[in-house]
Every structure is written in structure tokens, then in C-alpha cells.
Amino acid sequence: EKRDSKHFIQQAIDADLASGRFSGVFTRFPPEPNGYLHIGHAKSICLNFGLAKEYDGKCNLRFDDTNPTKEETEYVDSIMEDIRWLGFEWDSLHYASDYFEQLYEWAEKLIVEGDAYVCDLTAEETREYRGTLTAPGKNSPYRDRTAKENLDLFRRMRAGEFQDGSRSLRAKIDMASPNINMRDPVMYRILRATHHRTGDKWCIYPTYDWTHGQSDSLEQITFSICTLEFENHRPLYDWYCQKLGIHHPRQIEFAKLKLSTLLIGKRHMLRMVKEGFVKGWDDPRMPTLCGYRRRGYTPESIRNFCADAGIAKFNSTIDIVRLENAVREHLNAVAPRRMAVLDPVKLTITNWPEGKVEMTDAVNNPGDPSEGKRKVAFSGSLLIEREDFREEAPRKFFRLKKGGAVRLRAGYIVDCHDVVKDKEGNVIEILCTYDPDSRSGSDTSGRKVKGTIHWVSAEHAVEVDVRLYDRLFTVENPGDPEEGKTFVDYLNPESLKVVTGYVESELGKAKLGDRVQFERLGYFVVDPDSTEDRIVFNRIVSLRDTWGK
Ligand code: ATP
Ligand code: MG
Ligand code: MG
């Protein structure tokens with residue numbers, strides 16, 4: 001996971017360590033527990049935990065739980081599970097809500113020092129007074145209240161004397177600042193809502209900006225890494241730390257990960273789940289980490305992808321093929337090969353001795369001889385892939401055709417001499433002879449055939465369900481629909497096809513989470529929906545990108 005040269009965050013860290021501004025690297029991953037983690041979060045996790053590891057520092061997990069209306073314990077649990085699955089462990093676990101009392105005390109300090117005031121403008125009035133990018137804001141009529149009056153009102157806000165939304169606490173900075181975030185930002189709002197951890201203890205809640213930097217400071221974080229949309233919040237982050245005179249971490253921003261064909265905004269994902277476009281947060285088509293886990297992605301492949309995607313200062317979109325290739329590359333190295341037929345047609349060997357079964361040796365991983373071999377039953381009654389046979393075929397078709405020959409992987413060369421058809425003229429059985437001298441591994445036939453296909457023995461094969469997953473959306477950017485359309489218009493109707501598969505008997509023993517390559521078809525994983533009687537396989541990814549460019 002090493003890169004040739006250091007990215008701008010590593011360079012910033014090196015400079016701060018060299019100058020003595022900080023003596024170590026202490027980062028945090030700060031999710032809001034209002035949804036499941038997605039592939040974008042993986043990027044932030046790899047970056048924060050990765051830097052801590054690289055610099056022999058620390059990384060905390062902190063739930064940024066300041067918004068009681070959208071947060072749930074279910075999300076807290078799933079986030080911890082997903083981080084651990086990715087392969088990281090936090091140094092300590094925190095909740096921003098643990099700092100509510102300290103934040104409250106600091107707010108009183110700012111009030112006493114004349115740096116914050118209670119404002120009676122409604123939310124809408126506050127927005128109007130704030131001005132725009134091109135027009136400065138106007139001072140609130142409540143801006144010049146005395147410290148004594150502000151303190152009294154703020155304490156009564158906490159005590160629950162005022163209605164939701166009727167007052168706020170605001171930092172007194174500069175309504176004419178070119179940076180809108182500095183125009184007397186709100187620090188507290190009145191909100192009666194039950195918090196997932198503090199219950200009904202509070203009826204005032206701190207804003208993100210008033211919480212984040214101070215939480216970083218309390219935990220002695222040195223590098224507070226966040227995404228680009230917070231660049232304009234950095235002056236406020238710094239202002240609060242300076243006014244309070246507390247340990248002052250350095251905020252550094254990087255570009256969010258954006259991948260083509262994915263919709264990773266929480267709002268959109270929630271809609272996909274709620275409206276039944278997918279079967280849940282862990283549907284194998286979802287861009288959530290639990291979705292990728294169920295789909296069969298390995299944590300290594302996601303970490304490799306994040307490292308390979310790099311850290312950028314400007315937003316851009318990464319081709320989804322790079323993520324798909326990351327899992328292909330990893331599974332190509334580690335997934336054992338097995339044979340499975342997903343669209344079967346019968347192949348009968350007419351010169352095979354009646355009732356004979358031969359156990360042939362099949363290589364588990366051609367890239368790794370130490371993986372050894374397995375036994376596969378070969379008989380006179382096989383199933384092959386319908387697509388691998390043509391009655392009439394062009395010269396360049398190197399699979400099986402009438403009058404042609406093909407090698408059966410880990411078996412024999414067979415020659416097709418006839419077919420059996422049903423009333424409609426569909427081929428229902430392929431009749432072949434086999435060449436007894438052509439057994440794989442001890443071939444003395446001297447024949448060269450161009451094609452090799454996979455097969456299973458009809459009576460030995462195990463029937464399974466196979467879920468053929470594909471991309472959920474058919475366009476590059478489903479989040480940016482044409483006029484009059486929504487992402488729903490871009491759903492891929494073929495994102496899931498369920499078929500009955502016939503797999504070699506070895507796979508009858510497959511356990512939950514086992515990943516294999518079905519030769520020539522793709523990589524597959526055993527899904528949790530499997531039962532004692534019937535295994536369910538998910539297609540993780542095909543062997544090659546079939547979407548093209
Ligand atoms: P979303 O709404 O897409 O879930 P968010 O930023 O609201 O994103 P948070 O829970 O606040 O979600 O994010 C936790 C951390 O993960 C933050 O530091 C955030 O910047 C980072 N993060 C979120 N999305 C991405 C992304 N696409 N790429 C990189 N980092 C991200
Ligand atoms: Mg999030
Ligand atoms: Mg957020």
C-alpha cells in the first residue's frame with residue numbers, strides 16, 4: 001500500500017513535526033451515526049487510521065452525535081462493525097455528546113468575554129440577516145445585549161424556559177465577513193428531542209462547528225482531517241480554539257471520494273432502502289460497506305483501492321472499474337477455482353463405459369501451486385454452459401460446435417458428432433465421443449484443440465441458487481439526472497438475476513463467506529441466506545469488465 005511520493009497531507013504532517021508545532025500524529029474518524037458507512041467513508045477511515053499507523057501515532061473513533069433527531073444506536077453498532085471489518089481498531093472511543101457539559105461551560109465563557117450572545121431572530125430571519133456571497137449581512141438587533149443578560153437568557157434556554165427555535169446562541173464575529181460562516185454563526189439551538197445517549201437531559205444542542213474543533217482539542221488530536229466542504233469552516237474552527245485558548249489541532253481538507261455509477265449520499269441511499277429499490281442497507285448492490293461485505297468484497301481489496309485512488313485537493317470522479325479491478329486482483333490471487341454451470345445443456349459421451357465415474361485432478365489455483373489439487377467426478381453425462389456450444393459457428397468460435405472438438409477442463413478432449421433437439425428445434429442434448437488418450441495431465445493423444453470449457457458431472461453436481469449481481473445504475477452519474485428524471489429512471493433492470501446453478505460436489509461443503517472463482521464466470525461468495533439444504537452464491541464480480549467504455 002506504499003506510494004511513490006508523499007501526498008499533501010503527509011507533507012503537511014512532516015512540516016509540522018519538523019517545525020515542532022506538533023510532536024506526534026493523532027487523528028480521528030468522526031462519523032455522524034445517522035446512516036450506514038459507505039465506500040466514501042472507507043476512504044476517510046483508511047486515511048485517518050492509515051496515517052496514525054504510518055507515523056506511529058493514534059486514531060480515535062468519535063461519534064459526532066450532535067443532532068438528536070437523526071441518530072440511532074443501530075447506526076453506532078454498524079459503524080463499529082464496519083471499521084473493524086475493514087481491518088482497523090481505534091485507540092479510544094468517544095461521543096461528541098460526552099462533551100456537552102464542557103461545551104456548555106465554554107459557551108458561558110465566551111458569553112462572559114463578550115464573544116457570544118443570545119439572539120431572538122427566528123431561523124428564517126437569521127438566514128435573511130446573514131446576507132449572501134455578494135451582499136454583507138446585517139447585525140442582529142439582539143447583538144448588543146450585555147453579558148449579564150446573555151448569561152441569564154442562555155441559562156434559561158438550558159433550563160427549558162423557551163420554545164423550540166425561539167432563541168439561539170451565536171458567536172459574535174463579523175456580519176460583514178466575506179466568509180459567510182463567520183457571520184455570527186449559531187452555536188446552540190433549542191430543540192426538544194430525545195438523544196440516543198443523553199436522553200432528555202438537554203433541550204439545547206450544539207452545532208457541528210461549535211462541537212467539532214473543541215472535541216478534537218479535548219482528545220488532543222493534532223491533525224483534524226475532513227473533506228473539502230469544510231474548508232470555509234476552518235477560520236471558524238480556528239477562531240473558537242483561539243478564543244478559548246485551548247489545544248489547537250490543525251484542520252486539513254481533502255476531496256471526497258466520488259465513484260462513477262454510484263449514489264452514496266445518505267438521503268438517496270435511505271430512499272433506495274425505504275422505497276424497496278434494494279432489499280436493505282446490506283443489499284449486495286448497495287455502496288455501503290455492509291453491502292460490499294455481503295457482496296463478497298474483501299477488506300484488502302477496498303483498502304488497496306483507497307490507497308491506489310490517492311488523496312486529492314480537488315473533486316473528481318473515479319471510474320468504478322478501478323474498485324471492481326481491485327477485488328478482481330485480490331481474488332485472482334486468493335480465491336480457489338471451482339467449476340459451476342449456470343445455464344446448463346446436457347452433454348452425453350456416447351463411447352463412455354456405462355456407469356463409469358472417474359475422479360480427475362483439478363488445479364485449485366494456477367497462480368499458486370501450493371494450493372494443490374482437488375478431485376472432480378467425471379462421467380459420461382455432463383452439463384456444460386449453453387453458451388459454449390453452437391450448432392453452426394464461425395471459424396473463430398473455439399468452444400464446442402457440431403463436428404468440432406474442445407477440451408473439458410481437467411478432463412478429456414471431446415468431439416461432437418450430433419445433437420438432440422426438442423419440438424421447437426432447441427438443442428437439448430449434445431452427443432460427443434471422448435478421446436481416451438487425451439486425459440489432462442497424461443495426454444498422449446498429440447492433439448491440439450484451441451478451446452477449453454468447464455463442465456460438471458450431472459449426477460454429482462449440487463444444485464444451488466446463484467444471484468447474479470450487476471451495477472445498480474446504468475449511467476455514470478445517477479445523482480445528476482437530466483431534467484424531469486430522477487435516479488429511479490437510471491436503475492439497471494438487470495442488476496439482479498437469480499438462476500439455478502450446478503456446482504461441482506466439492507462446493508457442497510462451502511461455508512458462509514467462502515469466496516471462489518467459478519472458472520470462466522467470475523468470483524462468487526456464499527450468502528447468509530444459505531440454508532442446510534441449499535447454498536446461495538452471490539456473484540461478487542465477473543472476470544472481466546463487460547460494460548466497456
Ligand atoms: P454522507 O452524507 O455521504 O454520509 P457525511 O460527510 O455527512 O457523508 P459523516 O458521517 O459526517 O458523513 O462522515 C464521517 C467522515 O467521513 C467525515 O470526516 C467525512 O468527511 C468523511 N466522508 C464522508 N463521505 C466521504 C467521501 N465520499 N469521501 C471521503 N470521506 C468522506
Ligand atoms: Mg456519513
Ligand atoms: Mg455529516
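My entries below go through the annotated domain, a sheet, the ligand shell and some helix packing.

**Entry 1: the model and its annotation.** I noted first that this is a predicted model. I then looked up the UniProt record, an unreviewed entry, and found the annotation "domain: Glutamyl/glutaminyl-tRNA synthetase class Ib catalytic" on residues 25-332. Over that stretch I get 41% helix and 13% strand.

Entry 2: I asked in what order the strands of the open sheet run. I read S1-S2-S3, 3 strands with parallel pairing. Strand S1 (26-29) and strand S3 (93-95) are at the edges, and each has a single partner strand, so one side of each has no neighbour in the sheet. From one strand to the next, I find a twist that averages 35 degrees. As a reminder to myself, strands of a sheet pair through backbone hydrogen bonds, either parallel or antiparallel.

Next I zoomed in on strand S2 (residues 58-63), which pairs with S3 in the parallel sense over 3 bridges. Which residue in S3 is the bridge partner of Phe63? I traced the bridge to Tyr95.

**Entry 3: around ligand 1.** I listed 15 residues around ligand 1. Which of them come nearest? My list reads Gly40, Ser44, Thr227, Lys256 and Leu257.

Helix H2 (39-54) and strand S8 (223-227) each give at least two residues to the shell. H2 has the largest share, with 4 residues.

**Entry 4: helix packing.** I looked at how helix H7 (residues 208-218) packs against helix H4 (residues 100-112), and got an angle of about 110 degrees with the axes 11 Å apart. Angles of 65 to 115 degrees count as roughly perpendicular, so H4 is roughly perpendicular to H7. The crossing of H4 past H7 is right-handed.

H7 also packs with helix H8 (residues 234-244), and I wanted the angle there too. That angle is about 60 degrees, and the axes are 9 Å apart. H7 and H8 are therefore oblique to each other. Is their crossing left-handed or right-handed? I have H7 and H8 down as right-handed.

Technical notes. Residues are numbered from 1 along each chain as its sequence is written. Chains are lettered from A and ligands numbered from 1 in the order in which they are written. This is a predicted model: local features need pLDDT of at least 70, side-chain atom pairs count only at pLDDT 80 or more; totals for chains, interfaces and linings use all residues. Two strands pair if DSSP finds at least two bridges between them. Axes are lines fitted to C-alpha atoms, for helices over the stretch in contact, and angles run from 0 to 180 degrees between N-to-C directions. UniProt positions are given in the numbering used here, feature names are shortened, and annotations may be inferred rather than shown by experiment. A residue is near a molecule or strand if its C-beta atom, placed from the backbone, lies within 6 Å of it. Angles under 35 degrees count as roughly parallel, over 145 as roughly antiparallel, 65 to 115 as roughly perpendicular and the rest as oblique. A crossing is left-handed if the near helix is turned anticlockwise from the far one by less than a right angle, and right-handed if clockwise.
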